Amino acid sequence: MGQAKVINIVLENGTLDGVVRISNKAGEDVIILSAPRKSVDYIFEVEESQNFGVYLLLSEKQVYVGQSSNLKSRIKNHLAQKEWWNRVVLMTTRGNKFNSSDIDYLESVLINKAHSNHSLDTENKKAGNKHNIERGDQISLDSYIEEAMFLLDFIGVGVFGNFKKDDSKQRIQLVSQNVLNLVQRSNAIKFLQENKYIGKEYSYAKRDNKYNIFAIDPQFTKLDQDWILVLNDIFSYRFILLSIPQGSFTTEDKDKFRHRKDDYNKLTMKINGETLIEKNSGFDFSKYVKEIIPYEA
């Protein structure tokens with residue numbers, strides 16, 4: 001029996017072919033960001049894109065392995081300089097733990113692995129920068145590589161291994177069952193209602209794909225009622241259930257909210273995912289959190 005692994009994965013469009021953020025929960029703290037070229041701006045919004053790390057530029061027939069102390073800056077350069085690639089993969093860590101020696105070593109190892117796997121042409125003509133690292137650091141980095149290889153294989157990046165395209169169906173099914181089902185509104189509401197978390201009256205908002213906010217356009221009349229608000233955090237795999245009693249909003253509070261330009265009877269709210277403070281009015285929704293419901297529940 002193989003070793004059990006716990007990972008976090010978010011598929012922005014519900015498949016492995018779109019923007020993917022995947023990480024482990026082991027000591028290596030591996031973060032991998034993957035996106036089609038047309039969606040690369042998304043990962044530029046992620047803090048880890050400015051870390052030290054290594055990256056892959058991919059097409060169906062070619063791969064380029066590189067490294068940078070600022071992945072975002074380097075990939076922006078490649079957008080202008082290399083036209084052949086259609087997907088990018090960034091490999092870094094939580095807390096930006098790599099240094100220059102680390103990424104020199106990782107780049108060299110990955111270039112060698114790409115050359116040894118003849119399924120793609122490797123654009124790299126050199127083996128990477130010379131590296132001189134301590135034995136202890138090498139052991140740690142080799143462990144990182146091993147974990148990263150598993151995660152890359154999981155999302156179907158077969159540059160370094162024997163990934164078969166047919167395996168992707170099994171991987172997508174696995175992720176869909178554990179995560180993606182509750183990303184979809186209909187499944188989320190069904191889950192919450194069947195488990196008696198909410199009834200028929202509620203408002204719902206899903207975390208924005210690029211920013212840590214929940215955008216919602218409720219009827220203005222909600223401010224004068226008992227109000228159940230469901231926030232679906234698809235990045236932390238949890239629901240934030242708010243129960244706001246009638247009379248919670250003062251006249252001054254109500255005046256601070258923005259109305260939609262095309263429908264004055266509706267408000268336009270942007271609730272910060274960390275603080276639960278509404279951006280335009282400054283109203284603090286955090287005091288009304290009734291329950292945090294993880295997807296595993």
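The questions and answers that follow concern a predicted model.

Q: Why is Asp29 called buried?
A: Buried means under 20% relative accessible area. Asp29 has 15% relative accessibility, so Asp29 counts as buried. Asp29 is placed in the loop between β2 (20–24) and β3 (30–36).

Q: Why is the pair of Arg21 and Glu48 called a salt bridge?
A: The cut-off is a side-chain nitrogen of Lys or Arg within 4 Å of a carboxyl oxygen of Asp or Glu. The closest N and O atoms of Arg21 and Glu48 are 3.2 Å apart, and the pair forms a salt bridge. This pair links distant parts of the chain, with Arg21 in strand β2 and Glu48 in the loop between α1 (40–44) and β4 (53–58), 27 residues apart. A search of the whole structure finds 9 salt bridges.

Q: Are Arg21 and Glu48 buried or partly exposed?
A: Buried means under 20% relative accessible area, exposed over 50%, and partly exposed lies in between. Arg21 has a relative accessible area of 22%, so Arg21 is partly exposed. Glu48 has 15% relative accessibility and therefore counts as buried.

Q: How do you know that the side chains of Arg207 and Asp233 meet in a salt bridge?
A: The N to O distance is 3.3 Å, and the limit is 4 Å. The pair links distant parts of the chain: Arg207 lies in the loop between β8 (203–206) and β9 (213–216), and Asp233 in strand β10 (residues 227–233), 26 residues apart. Both Arg207 and Asp233 are buried.

Q: What makes Asp233 and Arg238 a salt bridge?
A: The closest N and O atoms of Asp233 and Arg238 are 3.6 Å apart, against a limit of 4 Å. For Asp233 the relative accessible area is 2%, so Asp233 is buried. Arg238, at 25% relative accessibility, counts as partly exposed.

Q: Why is Ser34 called buried?
A: The cut-off for buried is under 20% relative accessible area. Ser34 is at 1% relative accessibility, so Ser34 counts as buried. Ser34 is found in strand β3, and a polar contact of 2.8 Å joins the side chains of Ser34 and Arg87.

Q: Why is Lys82 called buried?
A: A residue under 20% relative accessible area is buried. Lys82 has a relative accessible area of 17% and is therefore buried. Lys82 lies in the loop between α2 (71–81) and β6 (87–93). From C-alpha to C-alpha, Lys82 and Leu57 are 9.2 Å apart in space, and they are 25 residues apart in sequence.

Q: Why is Lys270 called partly exposed?
A: Partly exposed lies between the limits for buried, under 20%, and exposed, over 50%. Lys270 has a relative accessible area of 35%, so Lys270 is partly exposed. Lys270 is found in strand β12 (residues 269–272).

Q: Which residues form a positive surface patch with Lys270?
A: Arg258, Lys261 and Lys279 form the patch together with Lys270. Lys and Arg count as positive. Patch residues need over 30% relative accessible area, and Lys270 is at 35%.

Terms used. Residues are numbered from 1 along each chain as its sequence is written. This is a predicted model: local features need pLDDT of at least 70, side-chain atom pairs count only at pLDDT 80 or more; totals for chains, interfaces and linings use all residues. Side-chain values use heavy atoms; hydrogens and water are left out. Patches are made of residues with over 30% relative accessible area and no salt bridge: like charges are joined within 9 Å, nonpolar side chains (Val, Leu, Ile, Met, Phe, Trp, Tyr) within 5 Å. Accessible areas come from the Shrake-Rupley method with a 1.4 Å probe; for residues, only the protein chains shown count as cover. The place of a charge is taken as NZ of Lys, CZ of Arg, CG of Asp or CD of Glu. Helices (H or I, at least four residues) and strands (E, at least two) are DSSP runs, numbered from the N terminus. Buried means under 20% relative accessible area, exposed over 50%, partly exposed in between (1.4 Å probe, protein chains only). A polar contact is a pair of N or O atoms within 3.5 Å; within protein, one must be able to donate a hydrogen and the other to accept it, and residues adjacent in sequence count only if both atoms are side-chain atoms.
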